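Please look through the sequence and the model shown here before reading on.

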Amino acid sequence: MDSSEVFGFGEIAKASAGGSKVICCDISPDGKLLATGGHDKKAVLWRTEPLQPKSLLEEHSMLITDVRLSPSMPQQLATSSFDKTLRVWDADDTEYSLHTFTGHQASIMSLDFHPNKQDVICSCDSDGQVCCWSTNCYPHCLTCVKVSRGVAVQLRFQPRKGKYLATASENAVFILDGETQIAQRSPLQGHSKTIQSVCWDSHGDYLASVSEDSVRIWSFTSGHDGEFVHELNYSGNKFHSCVFHPTCPSLLVIGCYKSLELWDIRGNKRITLNNAHDGLVAALAASSQTGHIASVSLDKFVKLWK
C-alpha cells in the first residue's frame, strides 16, 4: 500500500548533494533553510523552495558529524566534526565561522542548541564526554561531564522546555539536566544493540530512541519521568534514524536502508515506503511551520517529504 493513501506522505523535492555521502541534516524553524553535512568535510546550506544550494561552509578538516540550526536565532547554525571542533556560523555570511570551540579531546559526534538560551550549545564526543559552551563566553567551556565509557553518539535538547538533554551512548539513553548536564535519573535501558539516533516530539513530551533492531518510545508527560511506553521491533529492514512528524505527533518517521518506516504509535500501525533512497537514510529533520521532513542518505541525495 502506498504511504500517501494512508498518511498523505510523499516525496516533494530531490537534489544531489555532490560526490560524497551525507550523514546529517537540520531544518530552520521557519522551514526556509536546510543544512546538511557529511564525508566531504563541508556543510551545505540549502533553500527549500525550490530545493537548491545557497552556500558552503568549508572550514572543517575532517568529516562533519552533525549540523544544527538555532531554534531561537534562525540565521545561526553550528557544525561538529571528527576534527574535534565545533563551529558556529552566520547563515547569511558563511565565508568564515563566527566561533570555533576546541575543548574536546576526541571526535565530536553530535551537538545541539539550547531551545531557550540563544548562546548555549552542547556537544558530545567519542569518549563519552558532554560539554556545554556559550558564544557569550567564547572560547571557554561552561561544563564538561563524563556521561559514559562508550561513544556518545547523539544528543538532543528537550524542545521548548530545555529541561532535559538526552544523550545516546551504546545501548542506553542518558537524561541530563539541561542547565548543569548532571544526570537526572538512571539511564533509559532496554535496547539490546547500540542506539543510533534519538529524537523528541515537538512538545518535548515523548522521546524516541532507535537501534538497528528496535525503536522505543519514552514518556516525559506529567507524572511520567522517562517511562517506557511503546516499542517497534525489527522486521526485515534495520532502523537507523528518526523524526516525529511535524503535524501528526503520533507518527514517527524512521530512516532505514533505502526505505522509510511510518509508525503510527497510537494505533500501532506501520507502513514501509520502499525505494525512498538508494542507500542508508542517515538522518531526518522536520519543520513544524511548513510540515516538511528532510532526509539525507549515503546515496549522496537530499530529499524533502510532506
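Rings of Phe, Tyr and Trp (its six-membered ring) are said to pair if their centres lie within 6.5 Å, and a pair counts as stacked if the planes are under 30 degrees apart, as edge-to-face if they are over 60 degrees apart, and as tilted otherwise. By this rule there are five aromatic pairs. In one of them, the centres of the rings of Phe 101 and Trp 133 are 5.1 Å apart and the planes stand at 40°, so the pair is tilted. This pair links distant parts of the chain, since Phe 101 belongs to strand β9 (residues 99-101) and Trp 133 to strand β12 (residues 129-134), 32 residues apart. Strands (E, at least two residues) and helices (H or I, at least four residues) are DSSP runs, numbered from the N terminus.

This is a predicted model, in which local features need pLDDT of at least 70 and side-chain atom pairs count only at pLDDT 80 or more, while totals for chains, interfaces and linings use all residues. Residues are numbered from 1 along each chain as its sequence is written, and side-chain values use heavy atoms, with hydrogens and water left out.

**Rings and charges**

To describe how far a residue is covered, the report calls it buried under 20% relative accessible area, exposed over 50%, and partly exposed in between (1.4 Å probe, protein chains only). Phe 101 has a relative accessible area of 1% and is therefore buried, and Trp 133 is buried as well, with a value of 2%. Elsewhere, ring pairs join Tyr 164, Trp 200 and Phe 220 into a cluster.

A charge is said to sit over a ring if NZ of Lys or CZ of Arg is within 6 Å of the ring centre and within 35 degrees of the ring normal. The table lists two such cases.

| Charged residue | Ring | Distance from ring centre |
|---|---|---|
| Lys 14 | Phe 301 | 4.6 Å |
| Arg 216 | Phe 228 | 3.7 Å |

**Strands and sheets**

The protein has one helix and 28 strands. Two strands pair if DSSP finds at least two bridges between them. Four strands form an open sheet in the order β2-β3-β4-β5, with antiparallel pairing. At its edges are β2 (22-27) and β5 (51-57), each of which pairs on one side only. From one strand to the next the twist averages 25°, where axes are lines fitted to C-alpha atoms (for helices over the stretch in contact) and angles run from 0 to 180 degrees between N-to-C directions. Between β2 and strand β3 (residues 33-38), which run antiparallel, there are five bridges, and Ile 27 has Leu 34 in β3 as its bridge partner.

Strand β18 (residues 195-200) is mostly covered, with five of its six residues buried. It pairs with strand β19 (residues 206-211) in the antiparallel sense over five bridges, and Trp 200 stands opposite Leu 207 in β19. β18 and β19 form a hairpin with five residues between them, and Gly 204 in the turn has a positive phi of about 75°.

**Overall form**

**Backbone details in the loops**

Most residues other than glycine have a negative phi, and most peptide bonds are trans. The peptide bond from Glu 49 to Pro 50, however, is cis, with omega near -5°, and Pro 50 lies in the loop between β4 (43-48) and β5. Lys 84, which is not a glycine, has a positive phi near 75°; Lys 84 is placed in the loop between β7 (76-81) and β8 (86-90) and is partly exposed, with a relative accessible area of 37%.

Thr 180, which lies in the loop between β16 (172-177) and β17 (188-189), is partly exposed, with a relative accessible area of 35%.
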